[in-house]
Amino acid sequence: MHNDEKIQLIHRRVEYLKRDRKLEAGYMTMEEYIHSEAERRAKEMAETLAKPMAESMAESMAESMAESMAKPMAESLAASKIAQNIVALLAELGSVPEELRECIAAEKREDTLAAWLKLAARADSIEEFQSKM
């Protein structure tokens, strides 16, 4: 019975509030204020967090891209340097045909280039080099 009286009291107060338009308007205004304040704070937090998050993501992406690109670039540069050295050695033997220069420059496997470098160092002629490639 005790609970019933409390429930009835609450019910009567709710009915009173529903009938009184000024109180209802006040509650509605308060609800709108709470909602707008929550939105304002959410936007403020988003703006505060967005820049550091974007910077962190950009830094992480840049590091990842640099790591993934560094090794292939270094390998390509090394292969290119070996190819240049092969052509330089062959140039001491005579005029290196453009087709042979292009063939050497196109090779990317370091083991093949290393073998060609040794071959170029030992060859007595460009023709000998080409025949043993």
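## Terms and model

A residue is called buried when its relative accessible area is under 20%, exposed when that area is over 50%, and partly exposed in between, with a 1.4 Å probe and protein chains only. The model described here is predicted, so that local features need a pLDDT of at least 70 and side-chain atom pairs count only at pLDDT 80 or more, while totals for chains, interfaces and linings use all residues. Residues are numbered from 1 along each chain as its sequence is written, and side-chain values use heavy atoms, with hydrogens and water left out.

## Salt bridges

A search of the whole structure finds five salt bridges, a salt bridge being a side-chain nitrogen of Lys or Arg within 4 Å of a carboxyl oxygen of Asp or Glu. Glu37, which is buried with a relative accessible area of 16%, meets the side chain of Arg40 in one of them, at 2.5 Å from N to O. Arg40 itself counts as partly exposed, at 39% relative accessibility. Both residues lie in helix α2, three residues apart, or about one turn of the helix; helices are DSSP runs (H or I, at least four residues) numbered from the N terminus.

Glu37 also forms a salt bridge with Arg41, at 3.2 Å from N to O, and because these two are four residues apart in helix α2, about one helical turn separates them. Glu37, Arg40, Arg41 and Glu44 are linked in a network of salt bridges. In helix α5, where Lys132 and Glu128 are four residues apart, their side chains meet in a salt bridge of 3.1 Å, N to O.

## Nonpolar core

The largest nonpolar core has 16 residues, and those with the most contacts inside it include Ile86, Leu100, Trp116 and Phe129; such a core is a set of buried Ala, Val, Leu, Ile, Met, Phe, Trp, Tyr and Cys residues joined through side-chain atoms within 4.5 Å. Two or more residues come from each of α2 (21–91), α3 (98–106), α4 (110–122) and α5 (126–132), and the largest share, six residues, is that of α2.

Leu113 touches Ala79, Ile82, Ala83, Ile86, Ile104, Glu107 and Lys108, not counting residues up to four places away in sequence, where contact means heavy atoms within 4.5 Å.

## Along helix α2

Tyr33 is found in helix α2 and is partly exposed, with a relative accessible area of 49%. Ala50, also placed in helix α2, counts as partly exposed at 42% relative accessibility. From C-alpha to C-alpha, Ala50 and Met69 are 28 Å apart in space, and 19 residues apart in sequence.
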